[in-house]
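Good morning, and thank you for joining this group meeting.

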Amino acid sequence: MNHTVEKLLNLPFYTEGPAVDRAGNRYVTTLTGGEIIRLDRTRDYTVWAKTACPNGQVVLPNGEHWVCDPKQAAISRFGSDGAFQGSLIQGICASLDVQSPNDLVIDTRHNLYFTDSIRRDGKVFFVGADGTERLVADGIDYANGLVLSADETKLYVAESYQNRVLVIELAEPGIPKSPATVFANLPAHPSGNPIGNLPDGLALDQQGRVWVAHYGMQAIQVVSARGEWLFSLDTTLPLTSNLCFLEDQLERQTLLVTGGYGEPGPGGVVLITVYP
């Protein structure tokens, strides 16, 4: 698969949380750097907001950002101007402890799903637009990135320490039909060290393929809608954390990809363009 990689930013801190708003502004987070960075169409960047440890984020249609902050065990809300507006979740969800919110996704009704990333008993939570809170899945060995299918009946979740992607079929928003099952096992690092694997952020294209940021593999893995591994892309980021689509056409796909060269840094942001 032909692809190009363009460096957009070098930053002191490892990056995460790629997102884009309706105006085409791009955003990334810096975790321990404590900043949410905005990169505009002219590729100038500014510090858009600050919080303790920003990780995954989503941008709502009204320009509001919801941001995972594992240091505060919270999902924080920021207005379209970057001003902090309070926490959606902090420390507890569905009467259960929340330790380390990592990534999140919203559906078309503004229902929220997010992962709590801990070893062996990682969880997926649901917070409905009406305030309903539910546990969707538990017993996941470090639940990480997640993405919904186009029809919102399937929720894909990266299980980092098992080097695979799970799928949860949904009976209705926030209610699984059955426990999570294995959707795809991913290529393994030749060292045999689990840190060399660790699927992280996920994205879905218009063909229903799941794109996986493979943290320790310096790669994006692409998996078919049936769970078959298709191909790998070199990101040039030794630690590849997350990705989001900026363009998704049959003739060209463009992704904003985050990660870096170590943790807590330095970090980088790249633009990857894929040509079939």
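Predicted model: local features only at pLDDT ≥ 70, side-chain atom pairs only at ≥ 80, totals over all residues.

How many bridges join strand S13 to S14, and do they run parallel or antiparallel? Five bridges join S13, residues 112-116, to S14, and the two strands run antiparallel. Residues are numbered from 1 along each chain as its sequence is written, and side-chain values use heavy atoms, with hydrogens and water left out.

Strands are DSSP runs of E with at least two residues, numbered from the N terminus, and two strands pair if DSSP finds at least two bridges between them.

Let us stay with S14. Tyr113 stands opposite Phe126 in S14, while Phe125 stands opposite Leu135 in S15. The hairpin of S13 and S14 has five residues between the strands, and Arg120 there takes a positive phi near 70°. In the hairpin of S14 and S15, which has five residues between the strands, the positive phi belongs to Gly131, near 95°.

Is S14 covered or exposed? Strand S14, residues 122-127, is mostly covered, with six of its six residues buried; buried means under 20% relative accessible area, with a 1.4 Å probe and protein chains only. Gly122, Val124 and Phe126 point one way, Lys123, Phe125 and Val127 point the other way, and all are buried.

I turn now to an open sheet. Its four strands have the order S21-S22-S23-S24, with antiparallel pairing. S21 and strand S24 (229-234) stand at the edges with a single partner strand each, so one side of each is left without a neighbour in the sheet. Within this sheet, strand S22 (residues 210-214) and strand S23 (residues 219-223) pair in the antiparallel sense over five bridges. The bridge partner of His214 is Ala219 in S23.

Next, the open spaces. On a 1 Å grid over the protein atoms alone, a pocket is an open set of points with protein on both sides within 12 Å along at least five of seven lines, a cavity is a set where a 1.4 Å probe fits but cannot get out, and lining residues have an atom within 4 Å of a point. Grid points are joined across faces, edges and corners, and a volume is the space filled by probe spheres set on the points.

The largest pocket holds about 980 Å³ of space. Its lining comprises 32 residues, and Val58, Val105, Ile106, Val147 and Cys244 lie nearest its centre. Which strand gives the largest share of that lining? S25 does, with five residues.

The second largest pocket holds about 340 Å³ of space. Among its 20 lining residues, Leu31, Asn55, Asn102, Tyr142 and Glu263 are the closest to its centre.

Finally, the structure holds one cavity of 30 Å³ or more, and the largest cavity contains about 40 Å³ of space. Residues lining the largest cavity include Leu9, Tyr27, Ile37 and Val269. Strand S3 (26-29) and strand S4 (35-39) each supply at least two residues of that lining.

Key: Buried < 20%, exposed > 50% of the residue type's maximum accessible area, 1.4 Å probe, protein only.
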